[in-house]
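Before reading on, please turn to the sequence and the model, and keep both in view.

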Amino acid sequence: LVDYQQILAEIEAEVQPLLGKGRVADYIPPLAEVDPGRFGMAVRLVDGTDFCVGEADNAFSIQSVSKAFRLAAAARTHGEAIWKRVGREPSGTSFNSLIQLEEEKGIPRNPMINAGALVVMDALLEGGRPDPGMEFIEKCLGGQPVDWDRFVASAECETAHRNRALAHLIKSFGNLTGHPDEVVEAHCRESAVTLSCRDLCRAAMFMATAGVTEEGVRVCSARQVKRLNAVLLISGVYDEAGDYAYRVGLPAKSGVGGGVLAVMPGVFTACVWSPGLNQKGNSLAGTKALELLTTKSGVSVF
Ligand code: GLN
């Protein structure tokens, strides 16, 4: 039997030298204020038992971790049709790159880079609700309302020049239905959702249980979840996907707030938060922590 509590204690000790290393995301001003030395981690088994260490109950800005939920929500409403508008190949480029989008005529390489996530948001907004991704997260939490940080959202929105450029470029190729400003604003609100490691593990449980929340509600089909996890494995951490598969061996989704969510189908969800980022925009200590989790437990998809 794997002793997850013991493993988390060892991980917390072993990542200490990395805490405070890395850079916080400074292109979103309030995120630049967060102490990069903070750390929390949670593991939640499919039976609902959880194990926590450090600041696992501190709510942080989930940022791009929300894109995993966003894609799941679109799988429900749009099914396979979403793949006409966005690809599912690794990008090999940074999360906010514009270059590929021009070359590939407005069809983003995958739904986890910002360009692709904006297209998925646009598709969800066709339903007429202002924050469809957030509503999906609430559903995954058994109806518990989620909060988003107005200050972070408006600061990002004011400085979202790259995301606006992406949205306009996509629109110019005819792959955006809504107004670029509306899509970017919804993206910023959803990115500003705050959740703790413990809550993210619970919200993501459907990704480990072939589509069923802890309350027993089916939010996705088993097939949709299989595909979501495949997309996370090839693109969830952008141009670090290969290294993640190699070192961690789990589908994962990161955010520039320093959170990383990882899924071991049939076994657990795991979430780590440490705001210092590496060159690829993924949590530096968080990546190490997940590597240690699969190494010490001997549990990974490989
Ligand atoms: N809201 C951020 C952005 O659009 C999310 C990016 C991220 O977390 N990688 O730039």
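The largest cavity has a volume of about 80 Å³. Here a cavity is a set of points on a 1 Å grid over the protein atoms alone where a 1.4 Å probe fits but cannot get out, while a pocket is an open set with protein on both sides within 12 Å along at least five of seven lines, and lining residues have an atom within 4 Å of a point. Grid points are joined across faces, edges and corners, and a volume is the space filled by probe spheres set on the points. This is a predicted model, in which local features need pLDDT of at least 70 and side-chain atom pairs count only at pLDDT 80 or more, whereas totals for chains, interfaces and linings use all residues. Residues are numbered from 1 along each chain as its sequence is written, and side-chain values use heavy atoms, with hydrogens and water left out.

The whole structure holds 4 cavities of 30 Å³ or more. Around the largest cavity there are 13 lining residues, and Tyr-27, Gln-63, Ser-64, Phe-95 and Asn-114 are those nearest its centre. Sorted by class, this lining has 4 nonpolar, 7 polar and 2 charged residues, where Ala, Val, Leu, Ile, Met, Phe, Trp, Tyr, Cys and Pro count as nonpolar, Asp, Glu, Lys and Arg as charged, and the others, Gly among them, as polar.

Gln-63 is placed in the loop between strand E3 (60-61) and H3, with helices (H or I, at least four residues) and strands (E, at least two) taken as DSSP runs numbered from the N terminus. Gln-63 is buried, with a relative accessible area of 3%; buried means under 20% relative accessible area, exposed over 50%, and partly exposed in between, with a 1.4 Å probe and protein chains only. The phi of Gln-63 is near 45°, a positive value in a residue other than glycine. Most residues other than glycine have a negative phi. Lys-105, in the loop between H4 and H5, is not a glycine either and has a positive phi of about 55°, but Lys-105 is exposed, at 57% relative accessible area.

The rings of Phe, Tyr and Trp (its six-membered ring) pair if their centres lie within 6.5 Å, and planes under 30 degrees apart count as stacked, over 60 as edge-to-face and the rest as tilted. By that rule there are 7 aromatic pairs in the whole structure. In one of them, Phe-69 and Phe-206 are tilted, at 6.3 Å centre to centre and 55° between the planes. Because Phe-69 lies in helix H3 (residues 66-78) and Phe-206 in helix H11 (residues 205-208), the pair ties together parts that are 137 residues apart in sequence. Both Phe-69 and Phe-206 are buried. Phe-95 and Tyr-238 also make a tilted pair, since their ring centres are 5.4 Å apart and their planes stand at 40°. This pair links distant parts of the chain, 143 residues apart, with Phe-95 in the loop between H3 and helix H4 (99-103) and Tyr-238 in the loop between helix H12 (222-235) and helix H13 (241-247). Phe-95 counts as buried at 12% relative accessibility, as does Tyr-238 at 4%.

A charge sits over a ring if NZ of Lys or CZ of Arg is within 6 Å of the ring centre and within 35 degrees of the ring normal. The charged end of Arg-88 sits over the ring of Trp-83, 5.2 Å from its centre, and Arg-150 lies over the face of Trp-148, 4.0 Å from the ring centre.

How many disulfides are there? With a disulfide defined as a pair of cysteine sulfur atoms within 2.5 Å, the count comes to 0. Cys-271 is in no disulfide, and the nearest cysteine sulfur, that of Cys-197, is 4.0 Å away. For Cys-201, the closest cysteine sulfur is in Cys-271, at 5.4 Å, which is too far for a bond. Cys-201 is buried, with a relative accessible area of 1%, and Cys-271 counts as buried at 0%.
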